[in-house]
Amino acid sequence: MDPFEFVVHIPCPHCRVGVGERCVTKDGYERKIPCLYRVKLAKWPDAEQRPDAPPDSESDY
């Protein structure tokens, strides 16, 4: 899984790259993982929306 898959639609406020671009270091190298500043802006799916979410313990009884 590509870590940029969830943040590709957000421009990075830290390294100033645009939408669809990978984060870069100060030296200009592409990062393997996105900046934490960009990850914080991403809207992550709720646990109920994820297909691999564990079932509720209350509904099992």
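Tutor: A helix here is a DSSP run of H or I with at least four residues, numbered from the N terminus. The model under discussion is predicted. Arg38 lies in helix α1, and the secondary structure of the protein comes to one helix and zero strands.

Student: What makes Arg38 a residue without a salt bridge?

Tutor: A salt bridge requires a side-chain nitrogen of Lys or Arg within 4 Å of a carboxyl oxygen of Asp or Glu. For Arg38, the nearest side chain of opposite charge is that of Glu21, 7.3 Å away.

Student: Which backbone atom lies 2.9 Å from a polar atom of the side chain of Arg38?

Tutor: That atom is the backbone oxygen of Glu21. The polar contact limit is 3.5 Å, and the 2.9 Å separation falls within it.

Student: Why is the pairing of Asp2 and Arg22 called a salt bridge?

Tutor: The side chains of Asp2 and Arg22 meet at 3.3 Å, N to O. This value is within 4 Å, so the pair is called a salt bridge. Asp2 and Arg22 both lie in the segment before α1 (36-41), so the pair ties together parts that are 20 residues apart in sequence. A search of the whole structure finds one salt bridge.

Student: How do you know whether Asp2 is buried, exposed or partly exposed?

Tutor: The relative accessible area of Asp2 is 33%. Buried means under 20% and exposed means over 50%, so Asp2 is partly exposed. Arg22, at 30% relative accessibility, also counts as partly exposed.

Student: What makes Leu41, in contrast, exposed or buried?

Tutor: Leu41 has a relative accessible area of 52%, which is over 50%, so Leu41 is exposed. Leu41 is found in helix α1. Leaving aside neighbours within four places in sequence, Leu41 is in contact with Ile10, Pro11 and Pro13. The C-alpha atoms of Leu41 and Val7 are separated by 8.2 Å, although these residues are 34 residues apart along the chain.

Student: How do you know whether Cys23 and Cys35 form a bond?

Tutor: The sulfur of Cys23 is 3.7 Å from the closest cysteine sulfur, in Cys35. A disulfide needs two cysteine sulfur atoms within 2.5 Å, so this pair is too far apart for a bond. Cys35 is likewise in no disulfide. By this rule the count comes to zero disulfides.

Student: What does Cys35 touch?

Tutor: Not counting residues up to four places away in sequence, Cys35 touches Cys12, His14, Cys15 and Cys23. Cys12, which lies in the segment before α1, is in contact with Val17, Cys23, Cys35 and Arg38, with neighbours within four places left aside. Cys12 and Pro34 are 22 residues apart in sequence and 8.6 Å apart in space, C-alpha to C-alpha.

Student: How many residues does the protein have, and what percentage of them count as buried?

Tutor: The protein has 61 residues, of which 18% count as buried.

Notes:
Residues numbered from 1 in each chain as written. Predicted model: local features only at pLDDT ≥ 70, side-chain atom pairs only at ≥ 80, totals over all residues. Heavy atoms only, no water. Helix = DSSP H or I, 4+ residues; strand = E, 2+ residues; numbered from the N terminus. Buried < 20%, exposed > 50% of the residue type's maximum accessible area, 1.4 Å probe, protein only. Contact = heavy atoms within 4.5 Å. Lys, Arg positive; Asp, Glu negative; His and termini not counted. Polar contact = N/O pair within 3.5 Å; in protein donor to acceptor, adjacent residues only side chain to side chain.
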